[in-house]
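Please keep the structure in view while reading.

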Amino acid sequence: MAINHCMPSFSLVFLAMVTIVLAGQARAQSLCNKADYQPLCVSVIKGKTDAHSALESAITVLISQSHRAKIAAGTKGDSQNLDVCKENFDDAISNLKNSLKNLKNRDMASLNINLSAALTDFVTCDDTFVESSETNPIGKTDTLLSHMASNCLYLSSLIH
Ligand SMILES: *[C@@H]1O[C@H](CO)[C@@H](O)[C@H](O)[C@H]1NC(C)=O
């Protein structure tokens, strides 16, 4: 009998939990609604529902992906262009680490400059190959990194 009494309240609690989870997801998705690369944005903010922690998560993912890209570049043989990419990935990582500091200090002007610098680092890797009319062997990875950096700039514009 006691169990029967409990049933309705269990389902109400469950319903409330589902509602809270779904509302959280809706907010996470809406943070990325106007991002240039929306699915990519959703995948890196890891369900965060406020712009500040979403951006923190997005930058952290981008730092680790930049490390991976540098390792990938190292497996594609020796070329001056790849050396440029590897240097630029290092530079991007340091700009992104600075961006995390800027975010913590809520220094939005510096955050914007440091994030833009990271974006430029990724774009430059590809430009180097375009200028020498060669195919970038890590072009797809590099483009993904550029898109992630654009999304970071977008997320930073949501912080007031
Ligand atoms: C980037 O961030 C670092 C660390 O906070 C800061 O010292 C530097 O001034 C920033 N760069 C620019 C150009 O604002």
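Of the 160 residues in the protein chain, 29% count as buried. The model under discussion is a predicted one. Its protein chain holds 6 helices and 0 strands, so that the order of elements from the N terminus reads α-α-α-α-α-α. Among the contacts between residues at least 6 apart in sequence, 60% join residues that are at least 24 apart.

The packing of the helices may be followed pair by pair, starting with α4 and α5. The axes of these two helices come within 8 Å and cross at roughly 165°. Because an angle over 145 degrees counts as roughly antiparallel, α4 is roughly antiparallel to α5. The crossing of α4 and α5 is left-handed. On the α4 side, the contact is made by N81, V84, C85, N88, D91, A92, N95, L96, N98, S99, N102 and L103. On the α5 side, the contributing residues are S110, L111, N114, L115, A117, A118, D121, F122, T124, C125, T128 and F129. Sorted by class, this contact of α4 with α5 comprises 12 nonpolar, 10 polar and 2 charged residues.

Helix α5 also packs against α6. Here the axes come within 9 Å, with a crossing of roughly 165°. The angle makes α5 roughly antiparallel to α6, and α5 passes α6 in a left-handed crossing. From α5, the residues L111, N112, L115, S116, A118, L119, F122, V123, C125 and D126 take part. They meet G139, D142, T143, L145, S146, A149, S150, C152, L153 and S156 in α6. The residues of the contact of α5 with α6 divide into 11 nonpolar, 7 polar and 2 charged.

Helix α3, residues 51–74, and helix α6, residues 139–156, pack at an angle of about 160°, and their axes are 10 Å apart. This angle makes α3 roughly antiparallel to α6. The crossing of α3 and α6 is left-handed. In α3, the contact is made by A51, A54, L55, A58, I59, L62, Q65, S66, A69 and A72. In α6, the partners are T141, D142, L145, M148, A149, N151, C152, L155 and S156. By class, the contact of α3 with α6 has 13 nonpolar, 5 polar and 1 charged residues.

V44 has its place in helix α2, residues 38–45. Is V44 buried or exposed? V44 counts as buried because it has 22 C-beta neighbours inside 10 Å. Apart from neighbours within four places in sequence, V44 is in contact with S57, A58, V61 and M148. V44 and E56, 12 residues apart in sequence, have a C-alpha to C-alpha separation of 9.8 Å.

H52 is found in helix α3. With 15 C-beta neighbours inside 10 Å, H52 counts as partly exposed. Residues up to four places away in sequence being set aside, H52 touches L103 and I159. H52 and I159 are 107 residues apart along the chain, yet their C-alpha atoms are separated by 6.4 Å.

Most residues other than glycine have a negative phi. K46, in the loop between α2 and α3, has a phi near 50°, a positive value in a residue other than glycine. K46 counts as partly exposed because 13 C-beta neighbours lie inside 10 Å. S133, in the loop between α5 and α6, likewise has a positive phi of about 50° although it is not a glycine. S133 has 6 C-beta neighbours inside 10 Å and therefore counts as exposed.

Which residues lie around the ligand? They are N98, K101, N102, S110, I113 and N114. Helices α4, residues 80–104, and α5, residues 108–131, each supply at least two residues of this shell. By class, the shell has 1 nonpolar, 4 polar and 1 charged residues.

Terms used. Residues are numbered from 1 along each chain as its sequence is written. This is a predicted model: local features need pLDDT of at least 70, side-chain atom pairs count only at pLDDT 80 or more; totals for chains, interfaces and linings use all residues. A residue is near a molecule or strand if its C-beta atom, placed from the backbone, lies within 6 Å of it. Helices (H or I, at least four residues) and strands (E, at least two) are DSSP runs, numbered from the N terminus. Ala, Val, Leu, Ile, Met, Phe, Trp, Tyr, Cys and Pro count as nonpolar, Asp, Glu, Lys and Arg as charged, and the others, Gly among them, as polar. Axes are lines fitted to C-alpha atoms, for helices over the stretch in contact, and angles run from 0 to 180 degrees between N-to-C directions. Angles under 35 degrees count as roughly parallel, over 145 as roughly antiparallel, 65 to 115 as roughly perpendicular and the rest as oblique. A crossing is left-handed if the near helix is turned anticlockwise from the far one by less than a right angle, and right-handed if clockwise. Two residues are in contact if their C-beta atoms, placed from the backbone, lie within 7 Å. A residue is buried if 20 or more other C-beta atoms lie within 10 Å of its own, exposed if 12 or fewer, and partly exposed in between; C-beta atoms are placed from the backbone.
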